[in-house]
Amino acid sequence: MSKEVLAMAKEKGVKMVDLRFLDFPGIWQHFSVPISELDEGAFENGFGFDGSSIRGWQPIHASDMLVIPDPATAQIDPFFEEPTLVLIGDICDPITREAYSRDPRNIAKKAEAYLKSTGIGDTAYIGPEAEFFIFDDVRFDSASHGTFYEVDSVEGIWNTGRDECPNQGYKPRHKEGYFPVPPTDKFQDMRTEMSLILEQLGIDIECQHHEVATAGQAEIDMRFKPLLQMGDQLMWFKYVLKNVAYRHGRTLTFMPKPLFNDNGTGMHTHISIWNGDTPVFAGDKYSGLSQEALWGLGGILKHGRALCAICNPTTNSYKRLVPGFEAPVNLAYSSRNRSASCRIPMYSDSPKAKRIEYRTPDPSCNGYLAFSAILMAVLDGIDNKIDPGEPMDKNIYDLPPEELANIPSAPGSLAEALEALKADHDFLLKGDVFTQDVIDMWIEYKTENEVNAIKLRPHPYEFSLYYDI
C-alpha cells in the first residue's frame, strides 16, 4: 500500500507530507516534512519527535518517540496552499518498537482486536452525532484579578436589538433552532460546504441541519463506520469544520456548554456489533433487540458513571449534564424515548439497523478513547450477562421525585466522574486495551490540569451572589 501512496503523491504533485496524531486529551498534532523525505522505508522506520512536549505523554528524560505513518489513511489536505499529503500515524517507542500505550489510536486498535478475540463479533460500528456551535466572535481571559468570556453570533437571540445597519431579525429564539429554514438558519451553505469537503475525503455524510439552540448550533451526521476508522474520521470532521468556519471569518467550537440557559452540545453515539454479515444486536427481545444487545445495554448502564470520565471529559461537560434539563443524565434505556441515556432508535424495522444509541457523550471527548470505552462496557455486559432491568418508556423528566430517585444518574462533575473511573475500570483493562498506566495518567492529568484549575478560580457569578456579604 505504501507504493500506492507514493504513486498518488506523485500524481497529485505533492510537495509536503503532514504527519498527524492525537495527544492524550484529544487534540490533533502535526508536523510536516518535504515529500523527498517520504519513501517506502518511512512507513516502517517512521519519523522522530519530542514526546515530552505532547500533553499527558513522556517525561523529558525519555522524550524520543516515533510516528509511523499508516498508508491506509492517506489524504490530500483540502486547505493548505501547497499540495500536501496527510498521513495519520501510530506512535511507538524508538528502542523497543512497541506501540505506545498512551497513543489513543493504539487503544482503538486494541479494542477492535479484543472484540474479535471474544468471538462475539468481528466489527464494532460507531455512528457519532457530533453537535457544534458556529460563532462570529469569541473572547475570553483569566487573570489573577479578573476573568470573563463572551461569544457572539448574528443568529444570537440577544442581538434582536443590536444596530446591524440594518438588523433584519430572523434570529432563532432560545430552544427553537430545530429546524427553521433560511433566513433564520444562516448557515445552510456553510454546513453544505463542510459536508461536501468531508465527502471529498471519503467520509459518508447522512444529513446536516441546524440544532435546537440559538446562535448557530448545528449538526452534521457521518454514516457509521468501524471503530478505528470512525476515530480517524472524527478527527478529520473537527478539522474540516473548524477550518471552513475559519475561512469564512467565523469560529466553531465543540465545547459542550458555551451558552447559559440554552441547549448544550452532545454527541449521541450509536454502536452495533456484527459477526461477518450477521447483526449481533438484532433479535426478538425488547424493540427487536437480541439478548446480547440487552446485556450490552446492561454494561453501559452499569459502567455509565465511569464512562463519563472518558466520554464527558471536561469540567464544562457537566454544565450540560444537569438533572431536570434536556441532557440525558438518567442511566436508563428505552425505545424512542430521548430522556433516557440509552435509546433504541426505531426509524427502521430492519435487523441491520438494530443498534444502541448512547446519548450521554459529548464531542469534547477523545473519540478513539470514548468509542473504545463504550465498546468495552458493551462487551463486559455481554460477557457477564448484565441485566439492564426494565425499560423506561415514560418521560423521565415528568416522573415524580419518588420514582426518579430509583433511577441512577450520571455524575454531577468531572471530579465525580474521575472518582467513578478510579473505582470502576477493570472492564477497560481486559485484553490490555486500556492499561493501568493509561487510567492513572488520565485521572492525574484531568485532576491537575482541569478539575483543580477550575476549583482554584473565583467564578464571575460568585460576585453577583456574594460581593455584598
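Colleague: Is Asp137 buried, partly exposed or exposed, and which side chain does Asp137 meet in a salt bridge?

Modeller: Residues are called buried under 20% relative accessible area, exposed over 50%, and partly exposed in between, with a 1.4 Å probe and protein chains only as cover. Asp137 is partly exposed because its relative accessible area is 35%. A salt bridge requires a side-chain nitrogen of Lys or Arg within 4 Å of a carboxyl oxygen of Asp or Glu; Asp137 meets Arg139 in such a bridge, at 3.7 Å from N to O, and Arg139, with a relative accessible area of 39%, is partly exposed as well. Elsewhere, shared partners connect the salt bridges of Asp70, Asp90, Arg105, Lys109 and Asp232 into one network.

Colleague: Before we go further, what should I keep in mind about the model and its numbering?

Modeller: The model is predicted, and local features therefore need pLDDT of at least 70 and side-chain atom pairs count only at pLDDT 80 or more, while totals for chains, interfaces and linings use all residues. Residues are numbered from 1 along each chain as its sequence is written, and side-chain values use heavy atoms, with hydrogens and water left out.

Colleague: How many salt bridges are found in the whole structure, and which parts of the chain does the pair of Arg105 and Asp70 link?

Modeller: The search of the whole structure gives 27 salt bridges. In one of them, the side chains of Arg105 and Asp70 come together at 3.0 Å, N to O; this pair links distant parts of the chain, 35 residues apart, with Arg105 in helix α3 and Asp70 in the loop between β4 (64–69) and β5 (75–76). Helices (H or I, at least four residues) and strands (E, at least two) are DSSP runs, numbered from the N terminus. Arg105 is buried, at a relative accessible area of 2%, and Asp70 counts as buried at 15%.

The bridge between Lys109 and Asp90 has an N to O distance of 2.8 Å, and it too links distant parts of the chain, with Lys109 in helix α3 and Asp90 in strand β6, 19 residues apart. Lys109 counts as partly exposed at 32% relative accessibility, whereas Asp90 counts as buried at 16%.

Colleague: How should I read the cysteines, and how many disulfides are there?

Modeller: A disulfide is a covalent bond between the sulfur atoms of two cysteines. The criterion here is a pair of cysteine sulfur atoms within 2.5 Å, and by this rule there are zero disulfides. Cys207 is in none, since the nearest cysteine sulfur, that of Cys365, lies 19 Å away; Cys207 is partly exposed at 32% relative accessibility. Cys365 is also in no disulfide, with the sulfur of Cys311 nearest at 6.2 Å, and Cys365 counts as buried at 1% relative accessibility.

Colleague: Which backbone values deserve a second look?

Modeller: Most residues other than glycine have a negative phi, and most peptide bonds are trans. Arg97, although not a glycine, has a positive phi of about 65°; Arg97 sits in the loop between β6 (84–92) and α3 (104–118) and is partly exposed, at a relative accessible area of 40%. Lys385 likewise has a positive phi, near 50°, and lies in the loop between α9 (367–383) and α10 (401–404), where Lys385 is exposed with a relative accessible area of 53%.

As for peptide bonds, the one from Cys165 to Pro166 is cis, with omega near 0°, and Pro166 belongs to the loop between β9 (146–152) and α4 (188–200). A cis bond also joins Pro182 and Pro183, with omega about 10°, and Pro183 lies in the loop between β9 and α4.

Colleague: Finally, where is Ala377 found, and how far apart in space are Ala377 and Ile88?

Modeller: Ala377 is part of helix α9 and is buried, with a relative accessible area of 0%. Ala377 and Ile88 are separated by 289 residues in sequence and by 27 Å in space, C-alpha to C-alpha.
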